[in-house]
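Hi everyone, thanks for coming. Today I'd like to walk you through one structure, so please have a look at it with me.

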Amino acid sequence: MSIEKHELKVSTTGGAGVASGSGILALPLCELLAIYLDYHASAPATTDVTVKSVGDPATVTLLTRSNSATDAWMYPKTQDHDNVAAAITGSYSDPVIHAGALSIDLAQADALTDCLVATVYVRV
């Protein structure tokens, strides 16, 4: 297994504080390890980010960050379950990008080119 680095730039359109945008990053079947969120210097503190693994069999929200424009490392995890589908307290795993696509959606931003640059690290 190896670790790959990918980058997705998301621009936004719309009015101040209500602009939105989205982007799709094509990835192989992999595990998501980390995301560095690098916001435009003019992005407002109202900016929301939602990261999803999209596609068949179902879309899964992996990370939601609300009302922030502070650059940061994020390490999304998913809750582990036992053999009877009960959540295992305190046990988490790296999420699987199951259909080869990671979506990043922005809301409540300003209209900006490259409002967010997301650097994504995955294990393939």
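Let's begin with Trp73, which has a relative accessibility of 44% and so counts as partly exposed. Keep in mind that this is a predicted model.

What does Trp73 pair with? One partner is Tyr121: the ring centres are 5.6 Å apart and the planes stand at 35°, so this pair is tilted. Now look at where the two residues sit. Trp73 is in strand β6 and Tyr121 is in strand β11 (residues 116-123), so the pair ties together parts that are 48 residues apart in sequence. Tyr121 is partly exposed too, at 23% relative accessibility.

In total there are three aromatic pairs. Another of them joins Tyr36 and Trp73, with centres 5.2 Å apart and planes at 55°, so that pair is tilted as well. Tyr36 has a relative accessible area of 25%, which makes it partly exposed. Put together, Tyr36, Trp73, Tyr75 and Tyr121 make up one aromatic cluster.

Now for a sheet. Four strands form an open, antiparallel one, in the order β2-β10-β4-β5. Why do β2 (19-26) and β5 (60-65) stand at the edges? Each has a single partner strand, so one side of each lacks a neighbour in the sheet. From one strand to the next, the twist averages 15°. Inside the sheet, β4 (residues 48-53) and β10 (residues 101-109) pair over six bridges, and Thr50 faces Asp105 in β10.

Note on methods: Residues are numbered from 1 along each chain as its sequence is written. This is a predicted model: local features need pLDDT of at least 70, side-chain atom pairs count only at pLDDT 80 or more; totals for chains, interfaces and linings use all residues. Side-chain values use heavy atoms; hydrogens and water are left out. Two strands pair if DSSP finds at least two bridges between them. Helices (H or I, at least four residues) and strands (E, at least two) are DSSP runs, numbered from the N terminus. Axes are lines fitted to C-alpha atoms, for helices over the stretch in contact, and angles run from 0 to 180 degrees between N-to-C directions. Rings of Phe, Tyr and Trp (its six-membered ring) pair if their centres lie within 6.5 Å; planes under 30 degrees apart count as stacked, over 60 as edge-to-face and the rest as tilted. Buried means under 20% relative accessible area, exposed over 50%, partly exposed in between (1.4 Å probe, protein chains only).
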